[in-house]
Amino acid sequence: MSTSTTASVSTHILDTSIGRPAEGVAIELSARSGRDASWQALGGSATDADGRCKDLPALPEGTTHVRLDFAVEAYFLKFENKQADAQQDAPANRDSGAFFPEVAITFAVKPGEHYHVPLLLNPFGYSVYRGS
């Protein structure tokens, strides 16, 4: 929850290769107060069955930049050597783990604003945007 002096962050992940939420992905949250300031690790969480991470730590006052680190390799290794759904245009065998073992998203924030940052994920690419 943001206040007039802080921003807040939430996220969720959709695995677009299977058209379902990505459950159990570890996420770390870091913040800094200025372009040249050092990053401060604030803690983390993991996505739930709906792909949402509802309990990220609050941002400290003065935060200007946020980084979300998504540990996606462990998530994709769960699918190693499993067949994709027949109706999907995904590769028939997901034996490669993840091309990107982690995804780090860095963005600027302003006090009083909420930032929802969805991650659309597949084994060979990803996309992010500022959601609502």
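**A strand residue, the rings and a cavity**

Modeller: Alanine 41 is part of strand β4 (residues 40-46). Strands here are DSSP runs of E with at least two residues, helices are runs of H or I with at least four, and both are numbered from the N terminus. The model is predicted: local features need pLDDT of at least 70, side-chain atom pairs count only at pLDDT 80 or more, and totals for chains, interfaces and linings use all residues. Numbering starts from 1 along each chain as its sequence is written, and side-chain values use heavy atoms, without hydrogens and water.

Is alanine 41 buried or exposed? Alanine 41 is exposed, at 65% relative accessible area. The cut-offs are under 20% for buried and over 50% for exposed, with partly exposed in between (1.4 Å probe, protein chains only). Leaving aside neighbours within four places in sequence, alanine 41 is in contact with Leu29 and Ser30. Contact means heavy atoms within 4.5 Å. Serine 30 is 11 residues from alanine 41 in sequence, and their C-alpha atoms are 4.3 Å apart.

Now the rings. Rings of Phe, Tyr and Trp (its six-membered ring) pair when their centres lie within 6.5 Å; planes under 30 degrees apart are stacked, over 60 edge-to-face, and the rest tilted. That rule gives four aromatic pairs. One of them joins phenylalanine 100 and tyrosine 126, edge-to-face, with 5.2 Å between centres and 80° between planes. This pair links distant parts of the chain, 26 residues apart: phenylalanine 100 sits in the loop between α1 (72-77) and β7 (103-108), tyrosine 126 in strand β9 (residues 125-128). Phenylalanine 100 is partly exposed at 30%. Tyrosine 126 is also partly exposed, at 37%. Phenylalanine 107 and tyrosine 115 have ring centres 6.1 Å apart and planes at 40°, so this pair is tilted. Both phenylalanine 107 and tyrosine 115 are buried. Phe99, Phe100 and Tyr126 make up one aromatic cluster.

A cavity is a set of points on a 1 Å grid over the protein atoms alone where a 1.4 Å probe fits but cannot get out; lining residues have an atom within 4 Å of a point. The search of the whole structure finds one cavity of 30 Å³ or more. The volume of the largest cavity is about 30 Å³. Its lining consists of Thr5, Thr6, Ala7, Leu59, Pro60, Gly62, Thr63 and Pro111.

Methods: 1 Å grid on protein atoms, 1.4 Å probe; cavity = no way out; pocket = protein on both sides within 12 Å on 5 of 7 lines; lining within 4 Å. Points joined across faces, edges and corners; volume = space filled by probe spheres on them.
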